[in-house]
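Subject: Structure handover

Hello,

Here is the structure I said I would pass on. My notes on it follow below.

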Amino acid sequence: MRVSLRWLEELVQVEAQALAPEALAERLSIAGFEVEQIEDLSARAAGVVVGYVEQRDPHPDADKLSVCRVNVGAGEPLQIVCGAANVKAGIHVPVALVGSTLPAVGLTIKPAELRGVASSGMICSLQELGLAETSEGIAILDELLEAVPPLGTPVGPSFGLDDQVLELAITANRPDGLSMRGIAREVAALGGGRTRFPAVGEAAPAAPLEVSPEARAAIEAGGLFSVTALSGLTVAPSPPWLRQRLERAGVRSINNVVDITNLVMLETGQPLHAFDQEALARLGGGPADPARLGLRQARAGERLTTLDGEERSLDEEALVVTYADQPIALAGVIGGQGEAVSEATTAIWLEAAVFAPQAVRRSARSVALRTEASSRFEKGLPPEATLAASDRAVALLVELAGARVEGRWAHQRPGAGREPLPLRRDALHNLLGPVVVNGEEEDLADERIVATLEALGCRLESDEEIEGWRVSVPPSRAMDLQREVDLIEEVARLVGYDH
């Protein structure tokens, strides 16, 4: 899991030193989230500044080269030879000054002479800044940024490169660690702070989703299957802030609709999928109808072309989402190409579901494919958070794609809910013993115990009968907080074993 500190700062309120990269990495590692690497994104654009192409002339001895006069806000304009076809006078560009290094392409900028013409610096593409896998030309800041900074200003902050990213190893028992919200709760508990997540209202009440008995059994094995219909969409490139968040997380930007589903997955841990309604209508030979959705095991020999362009042969190990009994997605792993969102899409179904971990594990293994979605489903997801994640995505689709909500349908396994866990004061102190503070031993104060567990999302009610508390565990931690001793371990872990 790649954790952007800039994004994290928006989700948790703690003292500034608690988010210092090295200190945070050490604290997370001690608490069980091993930090494998700290990536300083500012290194990608160190020495790269905003420049303005005042003049562009053809190279006297090379048809594909241009000789540019570039103002970087200090001293005389630089003469830079550029080979990009889209360079022209009157544009703002990122300029790597002599002496700077571009790690993405392993290049240190030196004074050069290209076909007999001196060149002092380099006009950069997004690829050379490590912001794209490929680039067809230089980056034109006037087209990429809402407001171009003054000449000579470092380019990095405008592309979100004033950030550091922690690479975390997430263990199987902590699926909440595969979300920014989960890590924010952990940081709040470790740093004595509090979380501040975006407030989102309910997108639409859920009507019953009528499914076949076969689909009902498959859904109930997981917990929830829902679909929200949205229309009036405009599919377009995502705004810079959204692209930057995905890029820092190691996810490629596709378009605003797909990017929103990926953003919500990274934020909440809940994978989502968008199906093109018109493609479904064509597949079923009539208007798109939620009643024609299904969930079943694949039949031997069925084939599905997935979003990565691969045509995959399925077997009975694979769980598939169907429409009109035709496979449209490998449940919990990857969607089908035929129903994918495209530039022509104007209406979608947004799927939010919980699939049984073992079913997703078998499906992924059957096609030898593991994805961001499958890695989350395999660890187990709480159905209680699924529609809330869908609401978050719908709010962003309304804001960024102009969507209108037409309706929502859901089929959910009935759940009895969990009883609060007892936490006895004596049991905690007897197991942990005193803490050491400034060389002195003392029992953990009630206030510290309560604050630590509440920061994780637990709710505590005092219970004098057991001389302690009744603790309601948040759905995100239901897998690993199941007994009193689990709660005691959490207190020890977050206060710090070294104490």
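The buried residues of helix α13 are covered by, among others, α4 (180–191), β26 (421–424), α12 (425–432), β29 (459–463), β30 (468–472) and α14 (484–495). Buried means under 20% relative accessible area, exposed over 50% and partly exposed in between, with a 1.4 Å probe and protein chains only. Helix α13 itself spans residues 446–455, and its buried residues include I449, V450, T452, L453 and A455. Just after α13, G457 has a positive phi of about 100°.

This is a predicted model: local features need pLDDT of at least 70, side-chain atom pairs count only at pLDDT 80 or more, and totals for chains, interfaces and linings use all residues. Residues are numbered from 1 along each chain as its sequence is written, and side-chain values use heavy atoms, with hydrogens and water left out.

β30 pairs with β26 in the antiparallel sense over 4 bridges, and L421 stands opposite V471 of β30. β30 also pairs with β29, again antiparallel, over 5 bridges. There, S462 has W469 in β30 as its bridge partner. The hairpin of β29 and β30 has 4 residues between the strands, and E467 in this hairpin takes a positive phi near 55°.

Elsewhere, an open sheet of 4 strands runs in the order β18-β21-β22-β23, with antiparallel pairing. β18 (293–297) and β23 (334–335) are at its edges with a single partner strand each, so one side of each has no neighbour in the sheet. β23 pairs with β22 (residues 326–330) over 2 bridges in the antiparallel sense, and A329 stands opposite G335 of β23.

As for the whole chain, it has 14 helices and 30 strands; helices (H or I, at least four residues) and strands (E, at least two) are DSSP runs, numbered from the N terminus. Of its 499 residues, 51% are buried. The C-alpha atoms fill a box of roughly 90 × 75 × 35 Å along the principal axes. Of the contacts (heavy atoms within 4.5 Å) between residues at least 6 apart in sequence, 69% join residues at least 24 apart.

Regards

Definitions and conventions
Pairing = 2+ DSSP bridges.
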